[in-house]
Amino acid sequence: MRYGNAAEDAHDDDEARAIETYRRRRIAEMQREQRRARFGRVYPIGRDDYKREVTEASAVDEEGEESAGKGTGVVCFLYKDGHVPSERTFNHLRTLAGRHPRTKFLSIVGDKCIANYPDRHLPTIFIYRKGEIAHQQTSWGADKERSLEELEALLVLTGAVVPTERPTPSRQAQEENEENDLSDDDDGFSRSATAKVNGQVPKNIRGRTSDDEDSDFDI
């Protein structure tokens, strides 16, 4: 019995060390994500703020060696008050800004950003990273109603937001009880795919882009 008890004690010590290692790793991961979550909402800007808040801000790297040279995703939204597609897209962007706080979301009235900017190009979404424009989407949702999932997929595909691992409910419950019951079951994570959001690939998220007539304006 003496040897049996020693083996059980050794197993308990190994389990306790594994739990402590897991706990420390999770705390470090959460602290790193909190430091990276610099934004979390849509910030209004003026024309004079554009270079600093959009172009220059997109060149700033996040904390951590793995983020060096990658810059920050910046989404600049051009809209018009009372314009239904603009209002619908604005609501979606507010939700996505809270969901992706590592990305900077900004808003500005279209003709206050670009003089004489045509209403037919609204709403417009400019996406910047590393100090350069990475994508321009005009008339988003103007031809037909677009869903939140379609807009999120567009932002993922164009590099505006970084896909993150999201635990499933069963995995999340398991993690919360990990310190009391270390489980060997290690599969339960669902990953956000760059071309797939909520299990569906949106059909035709391209809409009208900067290649359309009269869509090139100086900012």
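This is a predicted model: local features need pLDDT of at least 70, side-chain atom pairs count only at pLDDT 80 or more; totals for chains, interfaces and linings use all residues.
Residues are numbered from 1 along each chain as its sequence is written, and side-chain values use heavy atoms, with hydrogens and water left out.Strands (E, at least two residues) and helices (H or I, at least four) are DSSP runs numbered from the N terminus. Six of the six residues of strand S3 (residues 104-109) are buried, and S3 is therefore largely enclosed by the rest of the structure; here buried means under 20% relative accessible area, exposed over 50%, and partly exposed in between, with a 1.4 Å probe and protein chains only. In a regular strand, side chains alternate between the two faces of the sheet. Along S3, Lys104, Leu106 and Ile108 point one way, whereas Phe105, Ser107 and Val109 point the other way.

Strands count as paired if DSSP finds at least two bridges between them. Strand S1 (residues 42-44) runs parallel to S3 and is joined to it by three bridges, with Pro44 opposite Ser107. Strand S2 (residues 74-79) is also parallel to S3, through six bridges, and Cys76 has Leu106 as its bridge partner.

Most residues other than glycine have a negative phi, and most peptide bonds are trans. A cis peptide bond, with omega of about -10°, joins Leu122 and Pro123, and Pro123 is placed in the loop between helix H4 (110-113) and strand S4 (124-129). Lys130, in the loop between S4 and strand S5 (132-138), has a positive phi of about 60° and is exposed at 53% relative accessible area. Ser139, in the loop between S5 and helix H5 (148-157), has a positive phi of about 55° but is buried at 3% relative accessibility.
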